[in-house]
Amino acid sequence: MRLAVRGLLWALVLVTAAGAVAIPSSAQSPIPGDLNGDGRVGVDDAQVALRAALGLATLSADQRQAADVSPNPGVGGRPMGDGYVRMDDALRILAYSLRLLNSLWPAPRVFVQDDQTVVDWSAGPTGQATVTFTQNAATVTLPATTEARLILSRELLFDPTTDAFHNDYLQFASFSPNKPVAVSVLVRSRGEQIPLALAYITPLAHMPSALDPAALALDSPPPDAAQVGDMLTISGVALAPLRAYAYVTEADGFPKSVRLSVQNGAVQDGPFGPQIAPGSKFQLTWKLAAVGTTLLEVNQAAGAAALNCPVYVGGVPLLPSPGDRQAAPRQGPVDLPAAIAGWLSLLNADRTSRGLRPVLLDDAFARAAQAYADDMVARGFFAHVDPEGHRADYRIARAGAPPGTEVAENLALDADVLGLQGGLMRSGVHRSEVLNPRWTIVGLGIAKRPDGMLVGVQLLGAHPGDSPLPPDAFEGALLDQPLPTAFAVEQPVAVGGAVQGKAQTVRLFFTAMDGSGRQISMPPAGVDGGRFTVTVLFHHGQEGLYYMGLSIDGAPSLVYPAIVR
């Protein structure tokens, strides 16, 4: 086609080869390609553009603007064109006049602003417009209610046909990630249907954002959008105690724990780990590594989100997430067995879809979870620590969990189980427990408040010896492979790895859980070239439950349950 059009151009050259003249415009017109101002684009307009490109004609300022149609999109901040009239401009005008090109108007701009997708064609014609999103056979067409702009709103509105609240993103549920979406705009202007050039976008998952102004004050708002390779920096001042570790969740879906750097402040021990004191200045820096929706979360000391915001990397939000729908609260009793079964199915779907094993219902965990959900509703509180100061480890022990059982607790509040699980998956700190590969068991509890909202308790954990530790379980060391948490007497296990920084010795130790204070320390291993190998060997009479730790040069260590059989 391009060769044929170029041939027609040279035919036009032969027809129009004459002395240089000024070409009058019959009317000023913003229509791209309409150089003679007659309200249409024809071969005669291409002829004028060609004469100008060859230096055979002089154009007025309006005609130069109408003729400058290549490239599309433009350069130097122009919606289209480069500020010059060249052969490529004449080629595009001729192709359009022969209906070989869909449009000369610039493609709409599609971008994200204030956590909402915006389609803007203010550089195009004015009039009533529709915007169509197309991905393979999936199509969504929406009318524009604002002049030259369509905004996909994040606001949840009630839909009586579904008895739920939802926003504009839910209608894109049939679209898929990682496949381009064509965005076309059709404007009715001057009695004609005028198409704009197509825009192509990479659709990303839309995520709602949240900021608690009582918990922190940011130096500047996080960016709505970024590109792969950009350095993202979030900084501000803690107005309430904050957890010292933030969470970054990128396209792979697995949250990464990132320690906040603190200036002019203090880090203190808290009930859920180190926390930043109010008044401290903090900063988070992260290099964006992949196309997708990156979720940043900074948490208050008790676990609630102080900041939960998406950054859209290499695309724009279009695909719905659970936060784009919320069921309406319902009165009446809960069908508890059906609700628990539904929640378990959603939980395990989130795990197995990412290559993790499903978790199994545990009787003791289930008793503890349901009792705590009932207690929170009965006494009107919602927290990981009850009014008596008890936490999840106390509750599972009272429910009959064996000593050394590990537990993590997620709390959720929503109108149905889809919202309970979806809310957890939107939070990095809760999602990290849902997707923890070490967990093997779960207990779920659900109770309904008087306002119809469901209080959900999700207890995830493992019995001693169920799961190995990940290679980065101990601060300052990286093991060569996962570390077993179950050992057999008289069977040595070699544990190798590398230390981070300078060190001389590495020691694995085991402290008995029976309260006796008995400790078994494996022979220390020297560090050579940054590497070490410790041998774990238990003997008959040393069977039992232990807390296992790894100490570098005598420094304190995190400990994990282990069993010796």
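Contact here means heavy atoms within 4.5 Å. The structure is a predicted model, in which local features need pLDDT of at least 70 and side-chain atom pairs count only at pLDDT 80 or more, while totals for chains, interfaces and linings use all residues. Residues are numbered from 1 along each chain as its sequence is written, and side-chain values use heavy atoms, with hydrogens and water left out.

Leaving aside neighbours within four places in sequence, His206 is in contact with several residues, including Asp115, Arg154, Tyr312 and Asp324. His206 lies in the loop between strand S13 (203-205) and strand S14 (210-211), strands being DSSP runs of E with at least two residues, numbered from the N terminus. With a relative accessible area of 1%, His206 is buried, a term that means under 20% relative accessible area with a 1.4 Å probe and protein chains only. The side chains of His206 and Asp324 are joined by a polar contact of 2.7 Å, that is, a pair of N or O atoms within 3.5 Å, of which, within protein, one must be able to donate a hydrogen and the other to accept it, and residues adjacent in sequence count only if both atoms are side-chain atoms.

The domain bounds come from an automatic or database domain assignment.

| Domain | Residues |
|---|---|
| domain 1 | 18-98 |
| domain 2 | 109-201 |
| domain 3 | 210-323 |
| domain 4 | 326-462 |
| domain 5 | 477-564 |

Between domain 3 and domain 4, the C-alpha centres lie 24 Å apart, and the contact takes 16 residues from domain 3 and 14 residues from domain 4.

Methods: Helices (H or I, at least four residues) and strands (E, at least two) are DSSP runs, numbered from the N terminus. Buried means under 20% relative accessible area, exposed over 50%, partly exposed in between (1.4 Å probe, protein chains only).
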